[in-house]
Amino acid sequence: MKYITLLTFMLAVFVCGTMMAQVNAPPGSSGLQERLEMVAQHKAETGQDLPNLSDATKAEYCIPAANCSFGDGFTDFMFAGIENPASGCSPNGYGDFTDMQGSAEIGLSYTASFKTGYSDQMVSMWIDFNNDTTFSEMERVLTDFNLPSAGTMHEVEITIPGNAFPGIHRMRIGANWIDPSSPDPCASLTYGEWEDYHIEITGEPISYNAMLASIDMASVMLAGDITPVATVVNMGMETISFPVIMTDLTGSYTSTVQVENLGMGASVQVEFDTWTTEVGAYDIEICTDLDGDEIPGDDCKSMTIAFSDQPRQKVVAEFFTGTW
Ligand SMILES: [Ca+2]
Ligand SMILES: [Ca+2]
Ligand SMILES: [Ca+2]
């Protein structure tokens, strides 16, 4: 019995330590508790009633705000020809860098590089493809990409979707501390930063393009009956229906799921048939198979999954009871 008490205590210490480590405040900055209270207070004051812009004020872009005086937001940003190193903290957390212009082609992917001066930033990016001065959800090309640490460059690939329109457009990036930045590109954030740029989009809008966005499975799992899952996105202009196929390249399992009537810009998570696995490493591949897909390069993703017969809790328990 005392082993169980000890185990519970040790797990509690472990879990608390892990949670604290995820929101590590650098020394010399405002305290973590103080920051969390500021965020809660700010949410209570503004969160219930997000700005509902009238048609009159929509004539211009909304100007968001944030506190970046502790290093939150972007110190460095690079994307598709834009290079903005050492931007520091812009007044009121909004940097107008629209004199800088990148260039990107529809259907191609570009590396975005972000560096922050404070840990745990959630970064989103929008491009106003239709130049209506509103950054819509459909125009968000990056959603809550995490920058876990300050002072290091974090990179992510961003694909210019098929429903992008050619021309010169305004582009906005936003960072929010420990909370998503994606819900509102006009928000006033307690800790974070916003920056605006221009980007020239070239190429032709794409009618038909399905993309395998992610395989939503861990790389180490417990052996047994698995339900494989993956997310697919319609990156073209037309509504599409298509099969998604998962194949176990090292075995005999294969499963096909049909996606019906996926609209422009929409995504859906698909679940495959139950896959019975044994201990060992498996190479899997998941592909979309849309007839007439104009960008076949983004159809598939693959990964290696190691299946174990040792649940993590069991390993920890055996460690503390000394029976291993
Ligand atoms: Ca900045
Ligand atoms: Ca727009
Ligand atoms: Ca494709």
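The chain has 3 helices and 21 strands, taken as DSSP runs numbered from the N terminus (helices H or I, at least four residues; strands E, at least two). Of its 324 residues, 30% count as buried. A residue is buried if 20 or more other C-beta atoms lie within 10 Å of its own, exposed if 12 or fewer, and partly exposed in between, with C-beta atoms placed from the backbone. Residues are numbered from 1 along each chain as its sequence is written, while chains are lettered from A and ligands numbered from 1 in the order in which they are written. In this predicted model, local features need pLDDT of at least 70 and side-chain atom pairs count only at pLDDT 80 or more, whereas totals for chains, interfaces and linings use all residues.

**Cores**
- A nonpolar core is a set of buried Ala, Val, Leu, Ile, Met, Phe, Trp, Tyr and Cys residues joined through C-beta atoms within 7 Å.
- The largest nonpolar core has 47 residues, of which Val123, Ile199 and Val232 touch the most other members.
- This core lies between domain 1 (58-202) and domain 2 (210-312), because both give residues to it; the bounds come from an automatic or database domain assignment.
- Another core, of 8 residues, lies apart from it and includes Ala66, Cys68, Ala187 and Leu189.

**Contacts**
- Two residues are in contact if their C-beta atoms, placed from the backbone, lie within 7 Å.
- Beyond four places in sequence, the residues that Ile199 touches include Ala80, Ile127, His169 and Met171.
- Among contacts between residues at least 6 apart in sequence, 73% join residues at least 24 apart.

**Sheet**
- An open sheet of 4 strands runs in the order β3-β2-β5-β8 with antiparallel pairing, where two strands pair if DSSP finds at least two bridges between them.
- β3 (82-84) and β8 (154-159) are the edge strands, each with a single partner, so one side of each has no neighbour in the sheet.
- β2 (residues 76-79) and β5 (residues 109-115) pair over 4 bridges, and Phe77 stands opposite Phe114 in β5.

**Loop residue**
- Ile63 sits in the loop between α2 (32-46) and β1 (65-66).
- Ile63 is exposed, because 12 other C-beta atoms lie within 10 Å.

**Confidence**
- pLDDT, the predictor's confidence in each residue from 0 to 100, averages 86 over the chain, and 82% of the residues score at least 70.
- pLDDT stays under 50 over residues 1-22 and over residues 314-319.
- Where pLDDT is low, the predicted coordinates should not be read in detail.
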